[in-house]
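Please keep the sequence and the structure in view while reading.

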Amino acid sequence: MEVLPGIHQLKGFLWSNVFLLEDGDKLALVDAGLHPRSHKLLDYIRSMGRDPAELDTIILTHGHPDHTSGLRPLQRSTNIKVLVHSGDVKSESGGRSWIHYPSQPMAREWDVPFLQKLYFDEVLHDGQVLPIMDGLEVLHTPGHTPGSVVLYLRKRGVLFTGDSLLSNGKVFRRPIPFPGTNFKDYRRSIERISRLDFEVALPGHGQPMLTGGQAMVKKMLNNYFWAFSWGRVLGKLSPRS
Ligand SMILES: [Zn+2]
Ligand SMILES: [Zn+2]
């Protein structure tokens, strides 16, 4: 479904959102979804009258498997370039680095979600501007995971929030804590997001918020007292806090 001109929200990837961006003769993706249903994605691209070979780049908002597990079939069938922040990758001496999430129990070269060793092509940097849709800015917003990023189309006032902010289309909510969640970093990241001028928020889970995005983040921060108290309790249980 085209939620904004040139930006499609793809459904059918279990509970995670995948966004497809049309940029001239190239296509880009934000996240890959949980289930490797790449045929659905490729069928959608064909239904637009486009060719899956136009898939050029996929940007991962973070390394959690509900956003990365659809990657491998795409890598097998297209020349897509995979970008992820270095906070969510792991290296082995002498080996190739792979996409990793905190407390991942194992990583192997198989197609088992949650336990895959998935490879990437380039790491993302804070402040980097990707040449997609007239400038897609990368902001490192750690907290949910060490390598979480949000992606900002400044000129259009559109923010892809990954799991840093979830939404039902009307209000934001925080993701539940996972191993590796750091509440201090998270709050700093949300404060940073609140300073961005944006109307539209496209979250990793839930529904797009099509208006009032920045105002809603500020409102969330103003009501953060209870959340932060609860966060401190949970933070004591977090290995990184
Ligand atoms: Zn996540
Ligand atoms: Zn998620």
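## Overall form

Among contacts in the chain between residues at least 6 apart in sequence, 61% join residues at least 24 apart, where a contact means that the C-beta atoms of two residues, placed from the backbone, lie within 7 Å. The model is a predicted one, in which local features need pLDDT of at least 70 and side-chain atom pairs count only at pLDDT 80 or more, whereas totals for chains, interfaces and linings use all residues. Residues are numbered from 1 along each chain as its sequence is written, while chains are lettered from A and ligands numbered from 1 in the order in which they are written.

For 241 residues, a compact globule would have a radius of gyration near 18 Å, and the 17 Å of the chain agrees with this; the radius is taken over C-alpha atoms, and the globule rule is 2.2 Å times the number of residues to the power 0.38. The C-alpha trace spans about 50 × 45 × 30 Å along its principal axes. The chain has 6 helices and 17 strands, which are DSSP runs numbered from the N terminus (helices: H or I, at least four residues; strands: E, at least two).

Buried residues make up 43% of the 241 residues in the chain; a residue is buried if 20 or more other C-beta atoms lie within 10 Å of its own, exposed if 12 or fewer, and partly exposed in between, with C-beta atoms placed from the backbone. Leaving aside neighbours within four places in sequence, F19 is in contact with I7, H8, Q9, L29, V30, F160 and L202.

## Strand pairing

Strands β10 (residues 129–130) and β11 (residues 136–140) run antiparallel and are joined by 2 bridges, pairing being counted if DSSP finds at least two bridges between two strands. L130 has L136 in β11 as its bridge partner, and in this hairpin, with 5 residues between the strands, M133 takes a positive phi near 50°. β11 also pairs with β12 (residues 149–153) in the antiparallel sense, over 4 bridges, and here E137 stands opposite Y152 in β12.

An open sheet of 3 strands has the order β15-β14-β17, with mixed pairing. Its edge strands, β15 (172–173) and β17 (206–207), each pair on one side only. Strand β14 (residues 166–168) runs parallel to β17, to which it is joined by 2 bridges, with N168 opposite Q207 in β17.

## Two helices

L41 lies in helix α1 (residues 38–47) and counts as buried because it has 25 C-beta neighbours inside 10 Å. Apart from its neighbours within four places in sequence, L41 is in contact with L10 and V18. Between L41 and P52, which are 11 residues apart in sequence, the C-alpha to C-alpha distance is 8.7 Å.

In α4, F183, D185, Y186, S189, I190 and I193 are buried. Seen down the axis of α4, its buried residues fall within an arc of 155° (the arc of the directions from the helix axis to the C-beta atoms), so they line one face of the helix.
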